[in-house]
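Welcome! Let's take a friendly walk through a protein chain, going from the whole down to single residues.

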Amino acid sequence: MKKTIDFMMDKKKAGQKITMLTCYDYPTAVIQENAGIDIIFVGDSVGTNMLGYKSATEVTLEDMLHHLKAVRRGVEKALLVADMPYRSYETKEIALKNAQLFIEAGADAVKLEGREEKVVEYLTKNNIDVIGHIGFTPQTHEKVSMQGKTFEQGKELYESALSLQTSGLKLLVLEMVPEEVAGLISEYLMIPTIGIAAGRYCDGQVQVINDLLGMTQRKLVHVKEYADYKNSTFEAVQKYKDEVENRIFPHENNVRNMDADELHEFKALF
Ligand code: KIV
């Protein structure tokens with residue numbers, strides 16, 4: 001069964017948590033799909049996590065489409081969401097043109113940051129499902145910092161969430177928000193919220209796959225490493241190097257031989 005926006009709404013109503021992970025390539029998409037992740041998300045964090053960029057603002061539409069197409073090939077049931085990169089939704093007309101490219105490349109919905117009610121309304125009117133993202137928004141905040149820590153900021157976040165919901169938003173990502181604020185917003189919003197560094201009470205959770213697998217150097221409070229990619233990959237590469245240099249690899253089990261008659265004829269050439 002294909003997972004839709006309605007499926008996410010049903011999960012919220014039933015009090016079941018929604019799972020979402022970033023994904024940037026085909027093999028990881030296949031693994032996430034087989035593990036039953038609800039939302040597979042090609043985030044613009046591809047820039048800093050996979051492409052060596054310094055900031056999310058360097059990510060282009062072409063970068064996003066390239067990674068989206070690879071992930072699409074590995075996804076069947078999960079809802080596939082793609083991030084609209086920096087400056088790709090400056091006007092509602094530009095947003096529609098670019099969002100349509102994402103849909104043609106296989107996205108089921110697009111995600112964009114901030115209070116873009118007009119854009120959300122216009123895309124929704126044109127049958128494109130939109131996911132929002134408020135709190136810390138990497139495309140506009142230069143410094144990583146918690147948002148919504150004061151009454152005024154919390155109120156502003158709540159008002160943004162309500163207003164985006166009224167514009168037709170289907171899901172809302174809350175990033176780096178105190179869990180009390182995220183919890184109350186989640187409770188009073190009709191649409192599902194997905195938290196990252198936003199505590200335990202959102203309707204779902206999203207994490208950057210690189211953090212989850214232990215690929216990055218950074219140590220963040222909101223991250224739990226479920227694997228030790230960095231060390232296990234380093235060990236594997238180092239072992240390969242040693243075995244090649246010491247003639248252990250390839251082993252006779254790793255080779256294919258020529259038929260004896262053919263070999264006899266071939267040797268006669270030399
Ligand atoms: O691009 C990204 O990784 C995000 C986060 C919400 C996970 O937008």
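This report starts with the overall layout and then turns to strands and helices.

## The big picture

Keep in mind that this is a predicted model. The chain contains 11 helices and 8 strands. Its C-alpha atoms fill a box of roughly 85 × 40 × 35 Å, taken along the principal axes. Of the 270 residues in the chain, 46% are buried.

The chain is divided into two parts: domain 1 covers residues 5–227, and domain 2 covers residues 232–267. Between the C-alpha centres of domain 1 and domain 2 there is a distance of 45 Å.

## A closed barrel

How are the 8 strands arranged? They form a closed barrel in the order 1-2-3-4-5-6-7-8, with parallel pairing. From one strand to the next, the twist averages 25°.

## Strand 1 and its two partners

Of its 5 residues, 4 are buried, so strand 1 is largely enclosed by the rest of the structure.

Strand 1 runs parallel to strand 8 (residues 204–207), and 4 bridges join them. Here Leu21 has Gln207 of strand 8 as its bridge partner.

## Strand 2, side chain by side chain

In a regular strand, side chains alternate between the two faces of the sheet. Now look at strand 2, residues 39–42. Which way do its side chains point? Ile39 and Phe41 point one way, while Ile40 and Val42 point the other way. Are these residues buried or exposed? All of them are buried.

Strand 2 also pairs with strand 3 (residues 79–83), in the parallel sense and over 4 bridges. Two positions show how the strands line up: Ile40 stands opposite Leu80 in strand 3, and the bridge partner of Val42 in strand 3 is Ala82.

## Two helices side by side

Finally, find helix 7 (residues 151–167) and helix 8 (residues 179–188), which pack with their axes 10 Å apart. The angle at which helix 7 and helix 8 pack is about 30°. An angle under 35 degrees counts as roughly parallel, and helix 7 and helix 8 are therefore roughly parallel to each other. The crossing in which helix 7 passes helix 8 is right-handed.

Definitions and conventions:
Residues are numbered from 1 along each chain as its sequence is written. This is a predicted model: local features need pLDDT of at least 70, side-chain atom pairs count only at pLDDT 80 or more; totals for chains, interfaces and linings use all residues. Side-chain values use heavy atoms; hydrogens and water are left out. Domain bounds come from an automatic or database domain assignment. Buried means under 20% relative accessible area, exposed over 50%, partly exposed in between (1.4 Å probe, protein chains only). Two strands pair if DSSP finds at least two bridges between them. Axes are lines fitted to C-alpha atoms, for helices over the stretch in contact, and angles run from 0 to 180 degrees between N-to-C directions. Angles under 35 degrees count as roughly parallel, over 145 as roughly antiparallel, 65 to 115 as roughly perpendicular and the rest as oblique. A crossing is left-handed if the near helix is turned anticlockwise from the far one by less than a right angle, and right-handed if clockwise.
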